[in-house]
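Hello,

Here is the structure I said I would pass on. My notes on it follow below.

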Amino acid sequence: MLKTETVALGIGLLAQGLFSSRIVLQWVQSERAKRVLVPTLFWKISLISSLMMIGYGMLRHDPVILGAQIISYGIYIRNLQLLGDWRKLPQVFRVGAYVLPVLALGWFVVGTPHFSLWTMLNTPIPGGWLVLGAVGQSVFLLRFVYQWLYSERKGESVLPLGFWVVSLAGSVLILAYALLRNDAVLLLGNAFGTVVYARNIVLMRREQQQLAAGKVAQ
């Protein structure tokens, strides 16, 4: 019989693999266009990956991961709504997207021998580590709060330069937390992400400079 740690690792790695695929997709399209682009598929993959990471956070009894993914999950749905693609998804998918997290969290509260809210509340993770992880995830989440507010103001889903700057800062902090927690899932996901975030910053800065140069030439 598989151990809880093995199941958690499998779910976490699969989720991070999906997260990485969305970044690769966004990266490739941006490199081709020589500017930062965010396809709709980016948000769809993010939603599925986040649901899996909610499960991973529960199995790991990690409040940092669980809290961050619950918030991110709602933001991913909102971006799909802003893009006008949410209602285009099959109704069974939309209903499942709302119901599955609630059922999973309810199960977590009730508890099982493998995972429970009570075990997480009595976590053996040192307080200092939790603070570092919470700060890192808070910074990482602020990128989506910033992006959400920016998109609401624009009336469309947009990823501005500030999103990538905050992403890079948050990812570095989470990497430090992952090293302390010896969390292979967080390490793999964020190590790759930092490279892409840095590259997107370069692309957006270059794009802004070109636009500024064009205005001066006019």
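**Helix packing in the model**

I began with the contact between two helices: from H2, Leu47, Ile48, Leu51 and Met58 touch Phe93, Ala97, Leu100, Pro101, Ala104, Leu105 and Phe108 of H4. Sorted by type, the residues of this contact are 11 nonpolar, no polar and no charged. H2 covers residues 40-59 and H4 residues 91-110; their axes lie 11 Å apart and the packing angle is about 10 degrees. An angle under 35 degrees counts as roughly parallel, so H2 is roughly parallel to H4.

Please bear in mind that this is a predicted model. Mean pLDDT for the protein is 85, with 97% of residues at 70 or more. Confidence is highest in H4, at 93, and lowest in helix H8 (residues 184-217), at a mean of 81.

The second pair is H3 (residues 63-83) with H6 (residues 127-154), which pack at about 10 degrees with their axes 10 Å apart. H3 is therefore roughly parallel to H6. On the H3 side the contact includes Pro63, Ile65, Ile71, Ile75, Tyr76 and Arg78, and on the H6 side Leu130, Leu141, Phe144, Trp148 and Glu152 are among the residues involved. The residues of the contact between H3 and H6 comprise 14 nonpolar, six polar and two charged.

A few points on H3 itself. Its 21 residues reach 31 Å from the first C-alpha to the last, close to the 30 Å expected at 1.5 Å a residue. At the start of H3, Asp62 places a side-chain oxygen within 2.9 Å of the backbone nitrogen of Val64. Just after the helix, Gly84 has a positive phi of about 80 degrees.

Regards

Conventions. Residues are numbered from 1 along each chain as its sequence is written. Side-chain values use heavy atoms; hydrogens and water are left out. Axes are lines fitted to C-alpha atoms, for helices over the stretch in contact, and angles run from 0 to 180 degrees between N-to-C directions. Helices (H or I, at least four residues) and strands (E, at least two) are DSSP runs, numbered from the N terminus. Angles under 35 degrees count as roughly parallel, over 145 as roughly antiparallel, 65 to 115 as roughly perpendicular and the rest as oblique. Contact means heavy atoms within 4.5 Å. Ala, Val, Leu, Ile, Met, Phe, Trp, Tyr, Cys and Pro count as nonpolar, Asp, Glu, Lys and Arg as charged, and the others, Gly among them, as polar. pLDDT is the predictor's confidence in each residue, from 0 to 100. The expected span of a helix is 1.5 Å times one less than its number of residues. A polar contact is a pair of N or O atoms within 3.5 Å; within protein, one must be able to donate a hydrogen and the other to accept it, and residues adjacent in sequence count only if both atoms are side-chain atoms.
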